[in-house]
Amino acid sequence: MITVHSLKDEELKAIKEMDYMMWLSIQYHGDFSKENTMIAIDEKETVLGAGCLSFDSSWYATTKETMHNLTAEFVLKETLPKETAKEVRHKLMNKLKERFDSYQNEDKERKQCIQSFCESTDTDELQFYLDEGFTMETIIPVMKLELSTDISHTNLPANVTIVPLAKDLDTIHSYIHATSLSYEDGPDSERELLFRMGAKDLCCFTAVSNGAIVGGISVWGIDKQRAATENLFVIPKFRRQGIAKELMATAAAHLKQQGFTCATLSMLGTNRKAMDLYLERGYKLYYLLIRMQYQGK
């Protein structure tokens, strides 16, 4: 018999054995919590899997019109038979939905959902979410840049320089504030940034004008060959001056120097302006993600 309950401290070791990053996130990432993590066990109290809800950056947006997202993630014991794994995920999802219902009941006027991301070719994964009442909400192209190609740089305005982000809290607060001026759906998650800054291979490059952050991009390793170039932004007043292009070039040059062979980024499929920029900089379509969404019964 499979039962599901909220995470207990003594079960963290089992999560670490199944998925190191989930274990690390639950302990040190501010957007994760033990209360939002569910554990499935059998009659011998053996941990079979875990599911968690984490706060997306949109969760902190102050406007009720914004969709405030909780991201669902699962990890299962690799040796589970297929039918058992299916049952475990279903029961974990039910508990996550109950947790989601509690957030909805706290503020019924706030638009909220559970989201998850599936590769477009993974029909089994997509079917799982469809069976659980999710809809296919958004296409997210993942674009890829081969770092073996020449990297072209762009001249910056005289009062703008690109420097690595300092790790003091005042500078981090300034960075998050700059993202709030750039994104319609609210700022980047400061908790996510602080968590990623604990990794040795993360680097945030910032465009600075007269001491103020006006743009940025983050890079980190995904595996030995591939790195991410994400969270590109430039505040409206400084757009169309070549800053985004040079941020991308700086990031690519850094990754190339570090020995990575390619860089990837994700974007909304409806953002034609961003797509044109990435294509111009040499990125090509790598694969597609589907954003799945659940808004309740």
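**Exercise 1.** In this predicted model, work out whether strand β9 (residues 212-221) is largely enclosed or open, and why.

**Exercise 2.** Now find which strands pair with β9, and in which sense.

*Solution.* Take one partner at a time. Strand β8 (residues 203-209) pairs with β9 in the antiparallel sense over seven bridges. Within this pairing, S209 stands opposite A212. The hairpin of β8 and β9 has two residues between the strands, and N210 takes a positive phi near 50° there.

Next, turn to strand β10 (residues 226-234), which runs antiparallel to β9 and is joined to it by six bridges. Here V219 faces T229 of β10, and a hairpin of four residues links the two strands.

**Exercise 3.** Is S25 buried or exposed, and what does S25 contact beyond its neighbours within four places in sequence?

*Solution.* First place S25: this residue belongs to helix α2 (residues 20-28). Its relative accessible area is 7%, so S25 is buried. Leaving aside neighbours within four places in sequence, S25 is in contact with F32 and F195.

**Exercise 4.** Describe the lining of the second largest pocket.

*Solution.* The second largest pocket has a volume of about 460 Å³. Its lining has 14 residues, with K82, K86, R89, D124 and F128 nearest the centre. Helix α3 (82-106) and α4 (123-131) each supply at least two of the lining residues, and α3 gives the largest share, six. By type, the lining holds nine charged, three nonpolar and two polar residues.

Key:
Residues numbered from 1 in each chain as written. Predicted model: local features only at pLDDT ≥ 70, side-chain atom pairs only at ≥ 80, totals over all residues. Heavy atoms only, no water. Buried < 20%, exposed > 50% of the residue type's maximum accessible area, 1.4 Å probe, protein only. Contact = heavy atoms within 4.5 Å. 1 Å grid on protein atoms, 1.4 Å probe; cavity = no way out; pocket = protein on both sides within 12 Å on 5 of 7 lines; lining within 4 Å. Points joined across faces, edges and corners; volume = space filled by probe spheres on them. Nonpolar A, V, L, I, M, F, W, Y, C, P; charged D, E, K, R; others polar. Pairing = 2+ DSSP bridges.
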